[in-house]
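Subject: Structure handover

Hi,

Here is the structure for you to look through. Please open it alongside this note.

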Amino acid sequence: MAGSGRSGTGVHGARLTVDLSALAANWRRLAALAAGAECAAVIKADAYGTGIGRAAPALWAAGCRTFFVAHLSEGLAARAVVPEAAVYVLNGLPSGSAEAFAAAGLRPVLGSLEELTEWAALAGGPRPAALHVDTGMNRLGLSVPDALALAGDPRIPAAGIDLVISHFVSAERPEDPVNARQIADFALVRAALPGPRGSLANSSGLFLDGARHDLVRPGYALFGGNPTPGRTNPMRPVVRLEAGIVQVREVEAGMTAGYNGRWTAPGPRRLATLSLGYADGLPRSLSGRGHALVGGVACPILGLVSMDLIILDVTEAPDARRGAGAVLIGDTLDVDTVGRSAGTIGYEILTSLGSRYVRDYGG
Ligand SMILES: *Cc1c(COP(=O)(O)O)cnc(C)c1O
């Protein structure tokens with residue numbers, strides 16, 4: 001099993017492996033599915049926890065030319081590693097920041113009339129930006145009526161609007177009728193503002209009919225998450241998280257393990273301690289719920305996840321010994337599965353990946 005033996009490294013902590021060739025393959029796959037639309041890449045939150053410094057250049061090398069981040073600071077990080085790319089900043093234009101955006105050649109995704117006016121007023125002529133239209137999230141963006149009223153408005157060219165976007169409420173649930181309403185409303189907006197290109201689809205949206213427009217904006221699927229929940233994941237896994245076993249011990253019936261004695265041994269058991277915990281982004285909600293794989297055997301996480309350590313029941317795992325590897329994310333434990341075990345979603349698992357991990361970039 002690739003990378004499962006970590007004995008002899010002398011490192012107790014966990015190792016995060018990011019498969020850059022899988023990332024590139026995922027981008028190419030989505031670009032092919034986009035069927036003529038440009039395939040951008042959303043790399044906010046440090047490229048979904050994988051590390052923007054390596055992920056963005058790998059995507060650029062695969063052919064990606066347009067990137068989306070959430071913050072100006074993330075835009076600067078992207079600019080540093082993919083200097084020629086078009087970089088859009090999703091969370092809008094904070095008041096007074098237009099000069100900083102312009103100086104860095106970053107494109108704000110303008111989310112209100114105030115932002116549009118402020119960007120249009122920037123001296124030195126129009127600079128590229130996107131306009132966000134809200135079709136149901138009620139989070140960012142102009143209302144549909146406000147967007148329709150901008151037809152023919154000189155602020156659209158003055159603000160350099162080259163892209164109009166909206167965002168799905170429930171794209172991962174194709175049966176939700178809100179999708180069709182958003183697709184229809186976005187078509188109205190496009191008809192009223194015919195100049196700029198249009199972008200509606202995130203990862204899951206790419207799989208909905210009528211949602212591709214000129215540019216698609218996948219994030220999660222690039223990093224291996226399943227954009228089609230309930231169906232086979234068409235993406236390759238990108239992230240693998242392993243930790244070496246620090247020590248193995250035997251306990252008798254009635255002994256407890258971890259804080260608050262939350263787990264009590266029902267009989268003689270072998271326990272293994274791993275050197276990672278909630279401070280590494282392993283959710284505390286995995287306490288008593290999650291698993292790790294030791295030699296392919298699913299070993300339950302016992303008791304409470306600590307800050308820097310977890311305890312596994314390795315009674316059924318003959319390979320468990322000091323230095324042997326345990327897989328927290330990888331193989332049958334894909335990010336969606338880990339998210340479900342933790343009572344959250346794979347997105348949160350990825351974007352919480354800790355900075356203490358040793359990071360290996362394969363591929
Ligand atoms: C995060 C985000 C995306 C990417 O969504 P995924 O579900 O990760 O593909 C696209 N567009 C907007 C506006 C976003 O905030």
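Below is what turned up, from confidence through to the contacts.

Confidence first. This is a predicted model. The mean pLDDT for the protein is 95. A score of at least 70 is reached by 97% of the residues. The exception to flag is residues 1-9, where pLDDT falls below 50. That stretch still makes 20 contacts in the model beyond near neighbours in sequence.

Next, the layout. The protein splits into domain 1, residues 20-223, and domain 2, residues 237-362. Their C-alpha centres are 37 Å apart. UniProt has an unreviewed entry here, which lists residues 238-362 as "domain: Alanine racemase C-terminal". In the model, residues 238-362 are 38% strand and 10% helix. The end C-alpha atoms of that segment sit 10 Å from each other.

Now the interface. How much area do domain 1 and domain 2 bury between them? The figure is about 1,200 Å², with 60% of it on carbon and sulfur atoms. On the domain 1 side, 14 residues are in contact; on the domain 2 side, 13 are. Polar contacts between the two domains come to four residue pairs, both residues at pLDDT 80 or more. Salt bridges across this interface number zero by the rule used. Which helices supply at least two residues each to the side of domain 1 that touches domain 2? They are H1 (20-33) and H2 (44-48). H1 gives the largest share of that side, with five residues.

Last, charge pairs. Side chains of opposite charge can pair when their charged atoms come close. The structure as a whole holds twelve salt bridges. One to look at joins the side chains of Arg15 and Asp360, at 3.0 Å from N to O. Arg15 belongs to strand E1 (residues 14-19) and Asp360 to strand E19 (residues 358-362), so this pair ties together parts that lie 345 residues apart in sequence.

Best wishes

Definitions and conventions: Residues numbered from 1 in each chain as written. Heavy atoms only, no water. pLDDT = per-residue confidence, 0-100. Contact = heavy atoms within 4.5 Å. UniProt positions renumbered as here; feature names shortened; annotations may be inferred. Helix = DSSP H or I, 4+ residues; strand = E, 2+ residues; numbered from the N terminus. Domains from an automatic or database assignment. Buried area = accessible area lost by both parts, 1.4 Å probe. Salt bridge = Lys/Arg side-chain N within 4 Å of Asp/Glu carboxyl O. Polar contact = N/O pair within 3.5 Å; in protein donor to acceptor, adjacent residues only side chain to side chain.
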